[in-house]
Amino acid sequence: MTTAYIIDNNGVPLLADATPNNIANPFDYGAGFINPTHASGPGLIYDIDASDYQKLFNCMLGSDTNSSCIATQKSLFDLNLPLIAIPNLKSSETVSRTVTNVGQADSVYKAFVEPPAGVDMLVKPMVLVFGKDTSSQSFKVSFKETRKIQGDYSFDNLVWHDGGSHWVRIPIAVRVVIDDLYSTVS
């Protein structure tokens, strides 16, 4: 997912399969078109354990009624997926992710922040340093609405770059919501 293309062979943004043709977004293409060459050496991965999914699904289905469901609901945005979606940003939200270095042991990755329209996005830390004793690093991404406009989703990316061949991209989807009453109107 993190190494997929979101442009075509001519460097033009992908188009949605609609009439009229519109520029596609992550809801149209997911992570993008797979690049097998880059996928075999992604540099960083967003690792997740199957038990994290199991806990989430059990809580959503109501089959697990213990206190872990309360914790899961609070940390739903923190599920360590290689994407971030905030469907109801009212003022601010902070999510966390953990990446594991599967490339060169001594690597330094710098964040390139491309915030969605109408949203400020801050990544801390902006630089991840990996060494022989440090193969995983966590970071936080904070979102703050900058326009009080009820709207549809806006999209962009967070990219980690090692200064070499690794560009590790995750899509960001955020919808600013002013009032719950109108949150389902597109």
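Student: What makes one face of strand 6 covered and the other uncovered?

Tutor: The covered face of strand 6 holds L128 and F130, while the uncovered face holds V127 and V129. In a regular strand the side chains alternate between the two faces of the sheet. Please note that this is a predicted model, in which local features need pLDDT of at least 70 and side-chain atom pairs count only at pLDDT 80 or more, whereas totals for chains, interfaces and linings use all residues. Residues are numbered from 1 along each chain as its sequence is written, and side-chain values use heavy atoms, with hydrogens and water left out.

Student: Why is M126 called partly exposed?

Tutor: Buried means under 20% relative accessible area, exposed means over 50%, and partly exposed lies in between (1.4 Å probe, protein chains only). M126 has a relative accessible area of 33%, and therefore counts as partly exposed. M126 lies in the loop between strand 5 (119–124) and strand 6 (127–130); strands are DSSP runs of E with at least two residues, and helices are runs of H or I with at least four, numbered from the N terminus.

Student: Why does D106 count as exposed?

Tutor: The relative accessibility of D106 is 58%, so D106 counts as exposed. D106 is found in the loop between strand 3 (92–101) and strand 4 (107–114).

Student: Which residues does D106 contact, leaving aside its neighbours within four places in sequence?

Tutor: They are F130, G131 and K132, where contact means heavy atoms within 4.5 Å. D106 and K132 are 26 residues apart along the chain, and their C-alpha atoms are separated by 6.6 Å.

Student: How do you know that strand 4 pairs with strand 6?

Tutor: Two strands pair if DSSP finds at least two bridges between them. Four bridges join strand 4 to strand 6, and the two run antiparallel; Y109 stands opposite L128 in strand 6. Strand 4 is also joined to strand 8 (residues 154–161) by five bridges, again antiparallel, with V113 opposite L158 in strand 8.

Student: What is the order of the strands in the open sheet, and which are its edge strands?

Tutor: The open sheet has five strands in the order 2-9-8-4-6, with mixed pairing. Its edge strands are strand 2 (84–89) and strand 6, since each pairs on one side only.

Student: How many helices and strands does the chain have?

Tutor: The chain has four helices and nine strands. Of its 186 residues, 34% count as buried.
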